[in-house]
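Dear colleague,

I am passing on the structure below, and my notes on it follow directly after. Please read them alongside the coordinates.

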Amino acid sequence: MSVLAGRSLVVGVCGGIAAYKVAGIVSTLAQRGADVHVVMTEAAQRFVAPLTFHALSANRVHTSLWEMRAREDHVLHIALAHRAAALLIAPATADAIAKLAHGYAEDLLGAVALAATCPAVVAPAMNTSMWEHPAVRANVAALRARGWTIVDPESGFLAERQQGVGRMAAEERIIGALEEAVARTRELEGQRVIVTAGPTREAIDPVRFISNASSGAMGIELAREAALRGAQVDLVLGPTHLEPPHGVRTHRVESAREMHEGVMALREGADAFVASAAVADWRPAVAYDQKVKKGDVDPVIRLERNPDVLAEFGRRKGTTFLVGFAAETQDVERHAREKLIGKALDLICVNDVSRPGIGFASSENEMLLIWRDGSEALPRASKREIAARIWDRVAVLRAAPKGES
Ligand SMILES: Cc1cc2nc3c(=O)[nH]c(=O)nc-3n(C[C@H](O)[C@H](O)[C@H](O)COP(=O)(O)O)c2cc1C
């Protein structure tokens, strides 16, 4: 049985010649048991009539943001987005790619894409010079960085009666990418995952604290990806300006001690614990109740040790799969292996924060994953992409019989 059976899919059809080929795709998806909802742009309707997709999908075709609907989906774009297991955009025109990259919501497809938290697969099709234009390249790169799957166009005979790159990928490639994206969404179904993210703040007085440069972005992406794959996610989040993702339970904390308490309260029965927060090892031994005035105190701050959330979890972990993080600046692999063994981790994700453009407060990362008998280098990519690769590795390690990873 196809992984698409019984799943709701939104297929966004845009105004390109290849729109007629999407009729074949919609037909195959319906035959595989998917519940297909087609959204057409205004331009798409100049190429193919909505009636074609209506007949093939056995669902009403949506062409307007302004449709008035019955109670359960009275706000159409939200209802479509939230029901969808995946979003396919084919053919993705240069125009649609630009709008999607910049988050326009002036038509139904744009609004659905913004409201959707499911995986998105984009199959561009256009003339070679358009495909190679720097504007299109930048917009495609932006979608890729967002974690969307781009099914690159192929080389062949184009509508302009010339050979070149730009022809929409073959149906099998597009449906294959869609199946892969949906398969990922089921992998953690029924599982409970705890993720920590962000820095902690260790108070000196009510307005001053010791903290670090972590933004929480990596942990937020790990929580988002786990939720996307069907897990019930508790995100224990230190102070950050970033928004936690849709569909996860967020517990906001400030200090390392609060983070420790938060995690321990959730520990029982968790299937995986991903400790990506940059928890302060030390806190001021004395935290003043009132704001300290200049000259009021001895200028030396004495520190004391914070509880080690990860080590404690490791000692009492049971069957929970434990993922730790290490930000190192030298002798990266040796330090990480020591931490893996010392804290009884199943996987450690290491970044070398001395390198420019990755790690703390950056949108990209580059990581080395290390487990007891193996390692994998993840090349530089968006944090969202890196989060997906980490969960892929967790799935492989959890599926492997002990000693065979
Ligand atoms: C005959 C014809 C064929 C077109 N084919 C394509 C195409 O293959 N790819 C593309 O990006 N734009 C193509 N366009 C341009 C788009 O239709 C146009 O940019 C439109 O605004 C896209 O709207 P949409 O992105 O909302 O669907 C074509 C236009 C015409 C007139």
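Two residues are taken to be in contact if their C-beta atoms, placed from the backbone, lie within 7 Å. Among such contacts in the chain between residues at least 6 apart in sequence, 68% join residues at least 24 apart.

Please note that this is a predicted model, in which local features need pLDDT of at least 70 and side-chain atom pairs count only at pLDDT 80 or more, while totals for chains, interfaces and linings use all residues. Residues are numbered from 1 along each chain as its sequence is written.

The chain holds 14 helices and 19 strands, these being DSSP runs numbered from the N terminus (helices H or I, at least four residues; strands E, at least two). Of its 405 residues, 43% count as buried, that is, with 20 or more other C-beta atoms within 10 Å of their own, C-beta atoms again being placed from the backbone.

Strand 8 (residues 192-197) is largely enclosed by the rest of the structure, because 5 of its 6 residues are buried. Strand 8 pairs in the parallel sense with strand 11 (residues 232-237) over 6 bridges, where pairing requires that DSSP finds at least two bridges between the strands, and R192 stands opposite Q232 of strand 11. Strand 8 also pairs in the parallel sense with strand 13 (residues 272-275), over 4 bridges, and here T196 stands opposite A275.

As for the ligand, helix 5 (residues 94-102) gives the most to the shell around it, with 3 residues.

Best regards

Notes
A residue is buried if 20 or more other C-beta atoms lie within 10 Å of its own, exposed if 12 or fewer, and partly exposed in between; C-beta atoms are placed from the backbone.
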